[in-house]
Every structure is written in C-alpha cells, then in structure tokens.
Amino acid sequence: MIGRNDPCPCGSGKKYKKCCQSKNAVTIETVQKDELERVLQTFYDEYPERKDIPDYLKLANEWKQTLNVHLPEEMIEAIVLDEFFFNYRPDIWSGYLDKQKKKLLRPSVLQVVETWQHPRPFIGEVVEVDDTYMTVQMIFKDETIKLRRESDKPVPVGVHLFCFILPDETGDEHNNLAVSSLIFFPTDHTNTIQEFANRFDSEKQSVSIFLKENAMEFWKCLGENGYEGGEFTNFEAGVLLFAMEFLEKHNRESKELLDVVEDFLVEQQPNARKEMAIAAGAIRFGQENSFFEPISMPLKEIAEWFEVSPSSMNKYAKDLEAYYEAKVTN
C-alpha cells in the first residue's frame, strides 16, 4: 500500500498526497496515457507552422493530381500530412519533441516520449481483437504488433489497416498506438494489398524506405481497385444504402438503427446472397424496437419493397434482434 508521504508511483517526483491520492478512481496508467495523448494532439494543433505550409501544399498537390479521381480531397490531405511530417520533414516532429521534453514533468511520460523519435508506417492485417488491442500482422515480413484500439467500434478479423505507429505507454515492445489517422480497408481490397506487398524485396531496402518511395503508389493501387475511402465492403455499403433509402422514402431517419446495423455487419459478417434481404430485416427490426416512428405498411409490403421474400426479411430481423439483445445484455 502506498503511504501518503511516499513518492507518487506516477513518477512526478511529488509525494503521493500531493499528487495522485485525490485521483482515487484514476489509475497511474490513465494519467500517463492522457498526458501522452495531449502531446500528440498538441502537435497537430500547432503544426505545420506558416513557414512550412508551402512545402506541405506542394506535396499535397502532387498527390492530388494522381489520387483526386479516387479519394476525397480531405482524406488525401490527411494522408499527406503524416507523410510530410514523418517521411519528408522529420525535423519538424523531432523539433517538437525536443520542446515537449523540456516541459514534461513526469519521468515516466518523458521516458515514453524518448522512444517516439521515429514514427514508422505500418500496413497489416488484423488477426485478433480484444477489448484494448488489435493484433496486427505486417504484410511485408514476419512482424506482429499489438495496436491500441481507438474506440469501442467493432473491428473484424481479416481487415487491413494503415497508420504510422509509436510505442505506447505500457513499455511492452509489442504494444503500439496510431499517431493520427488509423485507416481500415474493407476486405474487397485484400488481393490488391497483397499484390502491393509482393513488390517488396527485403534484400534491396527496408520496409520504411520502400513505403516512403511507394506511398502514393499504394493508394493509387487501392483507388484503381475501387477504394473510395470507406470502411465498408461494397456489400455492407449496399445494405446500409438500401436501408437509408427506405427510411428517406418514408420520411424517417434513425442513426441509432444504422449504427446497430453497421456493427452487426462488421461483427457478424452475415453470409447473405442479397444486400436487400438484410436491409429489409433491419427495417422490420428497427420498427419493432421503436428505432423510428412506425410506418403504416404491412410486413409483406416491406418485403416486396425490397424485392425479397418475407422469410428472408424475417430471418435477418431475428438475427439482428439476437445480436442487439446480446449487446445490450453485455
């Protein structure tokens, strides 16, 4: 047990009674994590500085000329921002860290920041998911990391992701966090990502150099395969679009219902032949659970609107009901 006059275990150098004793419900790990998050957020709030903006815009415009036909402009700018900071102008990042290290009081936080000198790009496949981390296998070589989850949204095994990574606050060499943009790719693009990985030759260059030299090409390959920046497969997007179209046609809306359907699609990966069967089931499920104002329309007509059989609609309504009840119970 920590005494009131003992050094605080958070590493601040203060006595426990003068530091974290009053934060009974807050763990030391949480304090460290929050301070590190502030270090990252402050960087993106303050940089690039005005003198560096022309260089960033030049790089962003080069990318836009190639990728504008595939990706939203805002997404291109966000991707290029990390490329600019960590591949083209790493002096900006290192200079920022030097300033932060002079301000940081907690030795434990400073110790983590010391390991943040070189954020590295990472493309990998999610092979396991728990409450805190995703286990991710790199596509280029035999390296597996644990990447901290950023939200409670479900992450399906088998999807690929891209981000720049840094060690997290745990001190475990396998545990990492995403510096900023954590981008997931629907399974529609698995083959394209694997084909890109096959271009890498470990005898000629490192992964970081290969990704720096081929960064734009990676996104171009995805775009040519139909990637437009979304996290859903074409099938999943179709389910959501059909459900939204029905709601709009009948002057209804329900973000809560669509959120449930999104999570159901990602976690359960239903093996339906037609998107409209799940969409119809979603509408029946939503109406029976009061996710939107009831529509005066017989169930048979709802099924006909989606051009599916009542039995198909009912199957997915029941599947959604079971999924939703399990979520609420847990």
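Helix axes are lines fitted to C-alpha atoms over the stretch in contact, and angles run from 0 to 180 degrees between N-to-C directions. The model is predicted: local features need pLDDT of at least 70, side-chain atom pairs count only at pLDDT 80 or more, and totals for chains, interfaces and linings use all residues. Residues are numbered from 1 along each chain as its sequence is written, and side-chain values use heavy atoms, without hydrogens and water.

Helices (DSSP runs of H or I, at least four residues) and strands (E, at least two) are numbered from the N terminus. Helix α9 packs against α12 (residues 310-329) at about 95 degrees, with the axes 10 Å apart. The two are therefore roughly perpendicular (65 to 115 degrees). Contact means heavy atoms within 4.5 Å. On the α9 side, Glu-256, Val-260, Val-261, Asp-263, Phe-264, Glu-267 and Gln-268 take part. They meet Asp-319, Leu-320, Tyr-323, Tyr-324 and Lys-327 of α12. By class, this contact has six nonpolar, one polar and five charged residues.

Helix α9 (255-268) also supplies at least two residues of the lining of the largest pocket, as does β6 (183-185). The largest share, three residues, comes from α9. A pocket is an open set of points on a 1 Å grid where a 1.4 Å probe fits, with protein on both sides within 12 Å along at least five of seven lines; lining residues have an atom within 4 Å of a point. The volume is about 420 Å³. Of 22 lining residues, Lys-153, Pro-154, Val-155, Phe-184 and Glu-231 lie nearest the centre. The lining divides into eleven nonpolar, four polar and seven charged residues.

Technical notes. Grid points are joined across faces, edges and corners, and a volume is the space filled by probe spheres set on the points. Ala, Val, Leu, Ile, Met, Phe, Trp, Tyr, Cys and Pro count as nonpolar, Asp, Glu, Lys and Arg as charged, and the others, Gly among them, as polar. Angles under 35 degrees count as roughly parallel, over 145 as roughly antiparallel, 65 to 115 as roughly perpendicular and the rest as oblique.
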